[in-house]
Amino acid sequence: MNVREGELLGPGIAESFLGDRILRHPWTRRLLALDAELRLVLMSLLVGALVFLPYVGAVGLWDPWESHYGEVAREMIARNDYVHPYWESSWFFSKPPLAMWIDVLGMAVVGINHGTGKLPLYTEWAMRLPFVLVVLASLALLALALGRTVNRRVGLASTVVLGTMPLFFLVTRQVVTDTPFVATLITAMACAIIGLFDEKTKHRTAWWMGFYVSCGLSMLAKGLMGVGLPAVVLLAYAAACVFPWDEAGRAAHWRWLTSAAYRKEVQAGKEPMPVLFAEMRRMRLLTGIGVFLAICGPWFAVMFAFPEVDNEGKTFFVRFLIHDHLNRLFEGVHTTTPGGTFTYFIEQGGYAIFPWVALLPGALALVAPLRLRRLDVPGRVAFIAFLWAVFGFLLVDASATKFHHYILPVLPALAILMAMFIDRLWEDGPAAHAIPLLLGGVLFFLVAKDLATTPKDFTDLFVYNYERTYPSELDSRPVMFSWSRRGLQTGDLVAAVLLAVGAWMTVGAAGGDRAERMKARLPGLLVGAVGVTALGTTSIVDVASPLTILGCLLLGIAALLGWASLSSPPPQRGSTLQLAGMVAVVGAVLVATPYLVPRAAYTLATNLRAPVNVKVGMIWAFTLGGVAAALGALRGSRPGLVGSLGALALGFALWFSWSHWVDLSHHWTQRDLFWRYYDRRNPGEPIVAYMMDWKGETFYSKNTVKQIKDSPARMAAFANLPGRKWALVEHPRLGLLRQAIGPEHRIEQIDRDLNVKFVLVTID
């Protein structure tokens, strides 16, 4: 099914959610007049930009990975050497240079090494913005590829699903090697999908060249996995779906390899080209390998010939290939979670894709009935995504070195399968997929329970040390918004839900005359009135009783009903007036209740004004989203099911990215501490990092901080220097610092609660 060849789809998602009135609006018509592929790309970019861009550079770099790679990039500029990575006082051979090269672009714009003192104000924006743009481009290209080969609904859905997966949108906000790696991996696979399956393209060679260029860049981003994963996926696809395993097929391929005469007959058109070799010719395989080597080969050739060693005495070959590839895979290298069973990434994968984990059984069931030799184009795309997910999961799960974020390259493949399942749900209805949805509901509940009770699991998805001190007060204090002077309260959540439901019920109601329309809208108005009551109770401190507000609103609704009844003929007017009278009586009773039963009114107001913290908010959000999706499935409502999951995923992604991630960042970055040091120090006052190796101290001091990692004597000598000194130390090691410098020196803490991990102190 290909929408470019005719709209074979049923009513679209836009029609179901927006309605005909919005779709007929002149502005909407102008948007719909744009080319369909252009609209798809723009919508994909809009969704991604909405989640990724706001506040991305508003906070400092997270320790240790962001600041580590950032310092390597800064040293490239300082040393004017962009080929041989350098860290602190030795060569850096652990990672390829693409992430650092991208960092350099932004650093050069803001002039990171100009002058002394703290880094330029917009350093983090300059560093992170290019990474986000690369990811946005990859999402748009993936949507384009799926729009061309499956349909536009799948293309856009893949962007929404992938862009709102927690691990994906959190890693996208970091300047680490995984970000350009997964972006170039997505780009490579999108180019391959178009090159393989878009029969109408006039630029097949260009798309395949895009695949090889992307593989080369992916190799420069992460190493062998960047080219190994797409290569294995395409080889497996060719073995399963392209190569003919019958005797005649095998013989034809063998003859082409061994017989020059047969190859001449093929070139003359007397014999058909064996199908696998014909596909390789369409791929421009030999030319593509040359392009791939031209992209990544020169840097690796220079580095393999480089004779210097790193701080552990390893050459680039030993460090990069042996230590950081083979040993990492088979023995375990530098991991905070050694060992781990096959369930390790099943658990972390569930967290990484929430709430879309509810669609995982259906996404996998999508490929179960596929017959590999009789696949249509969407089936082949689904099979490639399945191979991508399986081999990606197999590689990271078999690795002896495990970090939670290693599951990242599997996420785009799952997003493709989930988008195709959403498309199938929309066409068939939820009832046709009851069993996968039931299993998905169980997964949703189990994962939601873990995440709501332990929000730290989200942060652990993309950090280095899972035992690091976590700012638990962020989860237990009331949720605050920058535009409000008060914290989030229970009544706000009640109001949001009821107002949304009331608006949906009211807008969808219709009738003949004014009275009939009012009667049809009455349930929605009543629900909305309860929502307004809850919002008014939390917003107006002087309101003593919510029942008074609700009673007044009901009296107003009764008056509207009475007014509407005037448009009805006298025989029908009585029923409307009776209904208005009933509503008025209930309203009057509610107005009087606080005077008759004051305790009940006070209790209700107190409950509505109860503060909501992150944990409570997550419980509310996950419960309401899950219940709404379940009700949608039970009612056979495609908008109810898909819309509830989509609203939960997008709303959660926006809140976490725009608010919670910002709050967390202050406890994982050293920028705020160094800002205070540079703002308050006097000329010539040095700073030391005592018993620390978290990389941020090096980056934010431009490698001028004095490092004393394990020598109390050296620390005492530093403290004995004339004048005031500054020190960074972890909170639990503050006592060791006091012991090292002795009682004759006085320590003063600067903004102790600024960071739960580190503290800045002065030494006099």
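The model is a predicted one, so local features need pLDDT of at least 70 and side-chain atom pairs count only at pLDDT 80 or more, while totals for chains, interfaces and linings use all residues. Residues are numbered from 1 along each chain as its sequence is written, and side-chain values use heavy atoms, with hydrogens and water left out.

The C-alpha trace spans about 100 × 95 × 45 Å along its principal axes. Of the 764 residues, 54% count as buried, where buried means under 20% relative accessible area, exposed means over 50% and partly exposed is in between (1.4 Å probe, protein chains only). The chain exposes about 33,300 Å², with carbon and sulfur atoms supplying 65% of that area; these areas come from the Shrake-Rupley method with a 1.4 Å probe, and for residues only the protein chains shown count as cover. Among contacts (heavy atoms within 4.5 Å) between residues at least 6 apart in sequence, 76% join residues at least 24 apart.

Now for the sheet. It is open, has 5 strands in the order β4-β3-β5-β7-β6, and its pairing is mixed; two strands pair if DSSP finds at least two bridges between them. The edges are β4 (706-708) and β6 (747-750), each of which pairs on one side only. On average, neighbouring strands here are turned by 30° against each other, direction ignored. At one end of the order, β3 (residues 687-690) runs parallel to β4 over 3 bridges, and Ala 689 stands opposite Gln 707 in β4. Further along, β5 and β7 run antiparallel and are joined by 6 bridges, with Trp 726 opposite Thr 762 in β7. The β6 and β7 pair is antiparallel too, over 4 bridges, and Leu 760 in β7 is the bridge partner of Ile 750.

Strand β7 is well wrapped up: 6 of its 6 residues are buried. In a regular strand, side chains alternate between the two faces of the sheet. In β7 both faces are covered, with Phe 758, Leu 760 and Thr 762 buried on one side and Val 759, Val 761 and Ile 763 buried on the other. Helix α33 (residues 712-719) lies across β3, β4, β5 (725-730) and β7 (758-763), and runs at about 140° to β4. Such angles run from 0 to 180 degrees between N-to-C directions, with axes being lines fitted to C-alpha atoms, for helices over the stretch in contact.

On to the cores. A nonpolar core is a set of buried Ala, Val, Leu, Ile, Met, Phe, Trp, Tyr and Cys residues joined through side-chain atoms within 4.5 Å. The largest has 187 residues, and the ones touching the most other members are Met 165, Phe 168, Leu 411, Met 418 and Phe 622. Helix α9 supplies its largest share, 14 residues. Beyond neighbours within four places in sequence, Leu 411 is in contact with Leu 162, Met 165, Leu 167, Phe 168, Ala 352 and Ile 353. Another core, of 16 residues, lies apart from the largest one and includes Tyr 690, Ile 708, Leu 737 and Ile 741.

Helix α9 (residues 178-197) also holds Thr 184, which counts as buried at 7% relative accessibility. A polar atom of its side chain lies 3.0 Å from the backbone oxygen of Phe 181. The Thr 184 side chain also makes a polar contact with the side chain of Ser 218 (3.3 Å); that term covers a pair of N or O atoms within 3.5 Å, where within protein one must be able to donate a hydrogen and the other to accept it, and residues adjacent in sequence count only if both atoms are side-chain atoms.

A cis peptide bond joins Asp 63 and Pro 64, with omega about -5°, and Pro 64 sits in the loop between α3 (36-52) and α4. Tyr 55 is in the loop between α3 and α4, and has a positive phi of about 65° although it is not a glycine. The bond from Phe 354 to Pro 355 is cis as well, with omega near 5°.

Technical notes
Helix = DSSP H or I, 4+ residues; strand = E, 2+ residues; numbered from the N terminus.
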